[in-house]
Amino acid sequence: MTRGRGYALLAVVVAAIMALSTALYVGVASDDGTRGRSAPGDGRAPHNSAAPASAGTWVATWSTSPSAAEPGTEVTGMADRSVRNVVHTSVGGTSARVTLSNLYGQSPLTITRASIALAAGSGTPAAIGDTMRQLTFNGGPAVVVPPGRQVLSDAVRLTVPADSDVLVTTYTPAASGPVTHHRHARQVSYAAPGDHTRDATGAPYTERTGSWRYLTALDVLGNESDGTVVALGDSLTDGITSTVGANARWTDVLSDRLREEIAAGADVPRYSVVNQGISGNQVLADGRGRPADNPSGLNRFQRDVLERTNVKVVVIDLGVNDILRNPRLADPNAILGGLRTMVDRAHARGVKVVGATLMPFYGHRGYTPAREAVRQSINAEIRAGRVFDAVADFDQALRDPYDPRRLRPVYDSGDHLHPSDQGYARMAQSFDLRTLKGSAPAKL
C-alpha cells in the first residue's frame with residue numbers, strides 16, 4: 001500500500017469514527033431514559049426541523065405530580081378522545097417539551113398525535129392559531145408509553161411567555177386505562193371525542209374536567225431562568241381551596257414575586273417555580289393501591305423533586321397530614337426523621353432545602369390538644385435550624401395573633417385548615433426570597 005493510499009484510508013476511518021461518535025452523542029443526549037417507543041407502523045416523520053439549537057437553559061416552567069388512577073377510566077381510558085390540558089407557566093422560553101405519564105396505567109398508552117399551543121385567553125380551550133405546533137417523540141408523531149413509565153417529547157420551537165396559559169393536547173385512539181391524572185388541579189381542562197389535537201377553535205372541546213390527565217411537566221429553553229424551585233407539599237401547596245382558574249396558589253404568587261423582583265434588578269435568583277403538591281399527602285405514609293395513590297413524600301421525592309429539570313432548590317411543606325390522619329398520636333421524631341431523610345437526599349444531589357413550619361388547625365375536626373403539641377414540637381425543631389437549610393415560617397405568617405392555635409380569620413378558607421386566596425398570597429409574601437440563594441451545604 002502506498003503512503004498516499006494509507007493516508008486516505010486513515011482519513012476514511014477517522015471520519016467514520018467521528019460520525020459514529022456524533023451519532024451516539026446525539027442519541028444519548030436526546031434520551032434521558034424515560035422515553036417511550038414510537039408506535040409500530042406509524043409512518044414516522046423526519047426529525048422535527050424546528051428543533052432548537054442548544055442555547056439557553058432548560059428549566060421546568062410548570063409541573064404536577066401524578067396522584068392517582070382516574071376513577072371510571074379503568075376499562076376504556078380515554079379511547080378515541082382528545083385531552084386538552086390547560087397549564088400556567090412560571091417563566092418563558094423559546095422552545096418547549098413535555099412529559100407524559102402512564103404511571104397508573106395497566107396497559108400501554110398509545111398516543112398517535114400531540115400538540116402544544118398558547119391559549120387564546122384564560123378559561124378557554126381555544127388556541128392562538130399560529131402558535132399550534134405538533135409534538136413529536138424520537139422524531140415521530142406517535143408514541144407508546146408502557147405501564148408505569150413516562151415519556152419526554154422532542155423539543156419544539158415555540159415562544160412561550162411567562163405567566164401565560166399553554167394548551168397541551170393528546171389523542172389516544174384505543175383503550176388504555178386507567179388514566180393517570182392529578183385531581184384538584186384548580187384549573188379547568190377539556191376533552192373532545194375524536195382527534196382534534198390540531199384544532200385551534202376549541203369548539204369540539206365541550207367536556208370540562210378539574211384534573212390534569214397524562215401531562216406532568218412542561219419545560220422551556222431560554223435565558224429567563226437559571227434553574228427550578230420545586231415546592232413539595234400537600235393540599236396547602238396543591239392549593240385545594242384557591243379560586244379555580246385564578247392561579248392563586250402560594251407557589252403562583254411566589255413565582256410572580258420572583259419575576260417582579262428580577263425585573264426591578266433585585267439580587268435574587270432567576271428561578272422558575274413549580275408545584276408538586278398532592279392533596280392529602282404525608283411525609284411517611286402512602287395511599288392505597290399498586291402503584292400507590294398519593295405516594296408519600298419520601299417515596300416520590302426522587303421522581304417529583306430530583307428528576308425535575310434543573311432543580312436548584314426544594315421547598316418542603318409536609319407534615320400536617322401525618323398528624324391529622326394518623327389514627328394514633330403521631331410521633332414527631334418519626335416525621336422529623338422523614339423530613340431529614342429528604343434533606344439528605346437533596347443534599348446528595350446538591351439541592352438546597354427550605355422547609356416550612358406547620359400551620360395551625362384549631363377548629364378543624366381533627367384538632368386535639370395532643371396533636372397541637374406534636375405540631376409545636378416539630379415547629380420548634382424546624383425553627384431551631386435542626387432540619388432544613390432555611391425556614392419559611394408559614395405558621396407565624398398566618399396564625400391568629402390572639403390565638404396562635406388557629407389561622408387568622410382573614411386567611412382561613414372556612415375549614416380552619418386550608419388558607420383562603422388571601423392566605424395563600426400571605427404565604428408567598430412572607431417567603432424570604434434570599435433563602436433561595438446559595439447551594440446545598442457541602443458535606444465535610
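Colleague: How many helices and strands are in the protein chain?
Modeller: The protein chain has nine helices and 23 strands. Keep in mind that this is a predicted model.

Colleague: And what share of the residues is buried?
Modeller: Of the 444 residues in the protein chain, 55% are buried.

Colleague: What about contacts, how many link residues 24 or more positions apart?
Modeller: Among contacts with a separation of 6 or more, 81% are between residues 24 or more positions apart.

Colleague: Let's take one residue. Where is Ile-335?
Modeller: Ile-335 is part of helix α6, which covers residues 332–348.

Colleague: Why does Ile-335 count as buried?
Modeller: Ile-335 counts as buried because its relative accessibility is 2%, and the cut-off for buried is under 20%.

Colleague: Which residues does Ile-335 touch, leaving out those up to four places away in sequence?
Modeller: Ile-335 touches Val-283, Leu-284, Gly-319, Asp-322, Ile-323, Ala-330 and Ile-378. Take Ile-323 from that list: Ile-323 and Ile-335 are twelve residues apart in sequence, and their C-alpha atoms are 8.8 Å apart in space.

Colleague: Now His-364. Where does that one sit?
Modeller: His-364 is in the loop between β20 (352–356) and α7 (369–383).

Colleague: Is His-364 buried or exposed?
Modeller: Buried, because the relative accessibility of His-364 is 14%.

Colleague: What does the side chain of His-364 reach?
Modeller: The His-364 side chain reaches the backbone nitrogen of Gly-366, at 3.0 Å. Setting aside residues up to four places away in sequence, His-364 also touches Leu-324, Asp-415, His-416 and Leu-417.

Colleague: Back to helices. Which residues of α9 are buried?
Modeller: α9 spans residues 421–430, and its buried residues include Gly-423, Tyr-424, Ala-425, Met-427 and Ala-428.

Colleague: What covers the buried residues of α9?
Modeller: The cover includes α2 (235–238), α3 (250–263), β19 (311–317) and α8 (394–398).

Colleague: Strands next. Which face of β10 is covered?
Modeller: In β10, residues 156–160, the covered face has Val-156, Leu-158 and Val-160. Arg-157 and Thr-159 are on the uncovered face.

Colleague: How many bridges join β4 to β10?
Modeller: Three bridges join β10 to β4 (residues 93–101), and the two strands run antiparallel. One of the pairs is Gly-93 with Val-160 in β10.

Colleague: What is the order of the open sheet of three strands?
Modeller: The order is β2-β12-β15, and the pairing is antiparallel. β2 (68–69) and β15 (212–213) are the edge strands, each pairing on one side only. β2 pairs with β12 (residues 180–182) over two bridges, and Ala-68 stands opposite His-181 in β12.

Colleague: What do β22 and β23 form?
Modeller: A hairpin, with two residues between the strands. Two bridges join β22 (residues 399–400) to β23 (residues 403–407), and the strands run antiparallel. Asp-400 has Asp-403 in β23 as its bridge partner.

Colleague: Last topic. How many cavities of 30 Å³ or more does the structure hold?
Modeller: Four. The largest cavity has about 60 Å³ of space.

Colleague: Which residues line the largest cavity?
Modeller: The lining residues are Thr-64, Pro-66, Ser-101, Gln-150, Thr-216, Arg-303, Asp-304 and Arg-308. By class, that lining has one nonpolar, four polar and three charged residues.

Technical notes. Residues numbered from 1 in each chain as written. Predicted model: local features only at pLDDT ≥ 70, side-chain atom pairs only at ≥ 80, totals over all residues. Heavy atoms only, no water. Helix = DSSP H or I, 4+ residues; strand = E, 2+ residues; numbered from the N terminus. Buried < 20%, exposed > 50% of the residue type's maximum accessible area, 1.4 Å probe, protein only. Polar contact = N/O pair within 3.5 Å; in protein donor to acceptor, adjacent residues only side chain to side chain. Contact = heavy atoms within 4.5 Å. Pairing = 2+ DSSP bridges. 1 Å grid on protein atoms, 1.4 Å probe; cavity = no way out; pocket = protein on both sides within 12 Å on 5 of 7 lines; lining within 4 Å. Points joined across faces, edges and corners; volume = space filled by probe spheres on them. Nonpolar A, V, L, I, M, F, W, Y, C, P; charged D, E, K, R; others polar.
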